[in-house]
Amino acid sequence: MANVSVAAEWQLLYNRYYRKPELYPMRWRHVDLARNKLAAAPFGGPLAVIRDDSKIVQLHAESALRKLRLFSSSGQPLADTVWRHPGGRLIGMSWTDDHTLICVVQDGTIYRYDVHAHLIEPNLSLGKECFESNVADCAFWGNGVVCITEANQLFCIADFKNPESVKLADPGILEPPRCMAVIEPQYTISGNVEVLLSVGEGEEDAAVLAVEEDGVQRLGVEMLRGPLQKMVVSRDGKWLASFTHDGKLLVTTSDLTEIIIERECESALPPEQLAWCGMDAVLLYWDDMLLMMGPDGEPVSYLYDEPIFLIPECDGVRILSNTSMEFLQRVPDSTVSIFTIGSTSPAALLYDALDHFDRRSAKADENLRLIRSSLPEAVEASVDAAGHEFDVSRQRTLLRAASYGQAFCSNFQRDRIQEMCKILRVLNSVRSPEIGIPLSIQQYKLLTPYVLIGRLINAHQHLLALRISEYLGMNQEVVIMHWACAKITASLAIPDATLLDILLDKLKLCKGISYAAVAAHADKNGRRKLAALLVEHEPRSSKQVPLLLSIGEEDIALIKATECGDTDLVYLVLFHIWQKRQPLEFFGTIQARALARELFVTYARCYKHEFLKDFFLSTGQLQDVAFLLWKESWALGKNPMASKGSPLHGPRIKLIEKAQNLFAETKEHTFESKAAEEHAKLLRIQHELEVTTKQAIFVDSSISDTIRTCIVLGNHRAATKVKTEFKVSEKRWYWLKVFALATIKDWVALEKFSKEKKPPIGYRPFVEACIEANEKGEAIKYIPKLADPRERAESYARIGMAKEAADAASQAKDGELLGRLKLTFSQNAAASSIFDTLRDRLSFPGAS
């Protein structure tokens with residue numbers, strides 16, 4: 001049958017077995033739990049020990065200065081530091097989920113340490129009120145803490161990642177509570193932390209106050225027959241285990257509406273510690289006795305001749321003493337089925353069959369035949385039991401039994417044993433005393449391999465973390481990155497070139513790793529040259545360029561940015577250099593880079609004209625400066641103040657004159673120089689006209705419009721001056737003046753103008769101007785002067801004179817014209833007859 005010595009170590013609590021194997025003999029020296037405060041992280045985390053300043057203790061050849069010492073769960077020293085903080089007595093310590101040690105002192109200051117005993121800045125505070133009234137007690141959970149002051153006010157920090165102190169509702173009590181417990185926010189209806197305070201003196205006023213941020217509830221008034229001396233909430237927040245005033249263990253729902261267990265204890269004195277062991281039992285610890293109580297049956301007691309500290313886990317309790325670390329847990333069902341004395345379960349028979357097989361006994365085959373139908377269940381139980389074992393030889397034996405049974409079992413998952421082997425290899429490696437993380441398989445699955453890897457690298461166990469990552473097929477980048485950063489921090493004496501080779505040798509193991517992040521860490525540690533060497537190996541420009549800028553390598557950053565062609569990166573570098581360097585140095589930097597130069601010019605054209613002008617001047621691009629000045633003059637002209645003789649016209653003209661002078665210095669821009677000169681001259685004349693006429697209608701109009709406007713206003717002298725200044729041709733002058741006079745209907749002046757001399761443009765514009773002004777009588781004065789009979793015919797037709805149009809058309813002897821004119825008068829029968837008569841007389845075949 002199965003090995004009876006295994007079950008001999010178990011204790012029976014009602015109908016459930018519990019075991020308490022030793023995990024480690026403690027490696028520390030001269031640590032007495034009775035003289036120290038201690039904080040232990042769950043999931044096999046580290047231990048923090050510091051001398052208890054609330055006790056009077058004898059110093060044994062040690063300094064009066066207190067030391068904060070950190071150990072692994074096996075007692076392996078991790079780090080230590082001298083405690084020199086002001087603020088009064090240390091009230092409480094606890095580890096957060098990310099293994100940050102939280103230390104709360106009397107004045108409400110919170111000091112934080114990492115696993116290497118390095119103080120994390122800045123220090124936190126619970127607020128002014130805590131500072132004034134002092135912290136009396138505190139309760140921790142996960143990433144939060146609740147503190148109660150000597151004035152019985154509660155303050156909470158719900159998450160140290162966002163360390164904001166919040167005052168909870170006033171519990172309204174004068175005396176300090178007897179004990180305090182916390183229900184975590186994830187288990188409350190409101191989603192905020194709920195603090196349970198035991199208050200009262202006797203049966204009449206005994207109660208538990210549930211304090212939240214927005215109110216206080218009084219619980220258990222009818223249930224309690226006296227005040228509670230000790231309270232602890234279960235891991236899932238559903239149950240409350242408490243020690244009553246009359247020496248009983250009381251287990252209720254967390255809202256104290258229902259009693260689950262009420263049992264007498266062996267002592268009326270309140271226990272020093274009260275803890276849940278999984279979800280099935282409660283542990284009570286007095287000076288020399290640990291009592292385990294369940295729902296029914298006799299309690300189990302364990303005697304200790306040294307102080308112990310209880311560390312609750314999800315599936316049991318770690319028991320720490322001065323000399324050892326033990327783990328008290330309920331024996332898994334699969335283990336019970338195999339190792340219970342007298343067990344005939346399929347798993348027990350399979351385990352026994354392996355023993356007979358090793359001894360070459362035929363009994364092995366007999367056992368297998370007995371359990372053939374239940375063989376898959378027996379194999380699964382063996383695999384499961386192996387996972388729950390801490391003893392490596394027993395793990396191996398159970399897995400051999402499972403493998404032996406699997407050989408005769410066709411429908412069992414083939415990779416189940418292989419998967420368990422993987423898990424156990426990982427667990428055994430971290431459980432070794434040198435590492436000291438005694439995870440059970442249930443804790444491992446709840447913690448996840450990713451978090452375990454994170455904790456290993458935080459403890460600088462990089463090699464083990466890397467091997468586990470590789471073994472489990474996980475990404476190794478996080479491990480290698482953390483190792484590289486830690487190596488840089490710890491290798492200040494190693495030359496940059498040597499350290500670079502060491503780092504590259506490891507970094508190349510992981511493809512796609514961020515060399516830029518490692519380089520950033522090197523720069524943060526004052527190794528700027530090393531950072532520059534590392535960043536050269538970063539293949540991603542988006543990460544490489546910003547880092548080069550941060551370490552002062554602007555020129556290399558500009559080269560990298562332009563080579564990759566990413567305009568956003570180029571602009572990032574440009575703006576950085578722009579702010580950091582003198583203009584001439586900046587211009588010289590970008591001049592050699594075409595892409596950078598073009599992007600700068602594009603940006604500066606829109607937002608930085610003055611700076612762009614300086615750039616063009618420094619590079620000898622005078623024509624570009626001139627174009628900018630000209631553009632600025634137009635922008636100045638759009639100013640609403642630039643009207644009615646505004647002094648803004650003066651700066652505009654000066655800008656254009658400057659542009660003209662710059663154009664004149666280059667042979668290729670003669671036209672632009674002449675245009676700028678005439679533009680300035682025109683603006684000056686237009687400005688004078690606006691001052692004279694007091695009408696803002698001249699500036700920015702063309703030469704032709706300026707002449708036309710002068711004539712319309714009757715200022716013929718000014719119009720003539722503009723004509724002379726800008727050498728306006730006679731033909732253009734006549735066109736402008738004819739239509740301008742027609743616009744103001746000055747027909748006398750128009751007639752006089754037509755008689756001054758023979759118009760170089762002929763008389764047709766005079767006719768057109770009169771017709772457009774709807775003055776047919778005036779048009780008749782000029783139509784007979786038209787030399788071309790076709791023009792005369794068309795002009796007469798436009799003013800409705802059919803006979804005269806027909807006569808002019810007959811003189812032209814143009815059949816097509818005659819046909820068009822007939823169509824013009826198609827609505828007039830008399831006029832049409834004139835064209836018919838003319839057609840018959842002249843026999844124009846094309847006039848039909």
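In strand β2, Y18 is the residue that stands opposite Q11. The strands concerned, β1 (residues 11-13) and β2 (residues 16-19), pair in the antiparallel sense over three bridges; pairing requires at least two bridges found by DSSP between two strands, and strands are DSSP runs of E of at least two residues, helices runs of H or I of at least four, numbered from the N terminus. Two residues lie between the strands of this hairpin, where Y14 takes a positive phi near 60 degrees. Y18 also has R330 as its bridge partner in β30, and β2 runs antiparallel to that strand (residues 324-330), joined by two bridges.

The model is predicted, with local features needing pLDDT of at least 70 and side-chain atom pairs counting only at pLDDT 80 or more, while totals for chains, interfaces and linings use all residues. Residues are numbered from 1 along each chain as its sequence is written, and side-chain values use heavy atoms, leaving out hydrogens and water.

Turning to the helices, S704 sits in α25 (residues 703-712). S704 counts as buried because its relative accessibility is 14%, the cut-off being under 20% relative accessible area with a 1.4 Å probe and protein chains only. The side chains of S704 and R732 are joined by a polar contact of 2.5 Å; such a contact is a pair of N or O atoms within 3.5 Å, where, within protein, one must be able to donate a hydrogen and the other to accept it, and residues adjacent in sequence count only if both atoms are side-chain atoms. Leaving aside residues up to four places away in sequence, S704 touches R732 and L736, contact meaning heavy atoms within 4.5 Å.

Conventions. Buried < 20%, exposed > 50% of the residue type's maximum accessible area, 1.4 Å probe, protein only.
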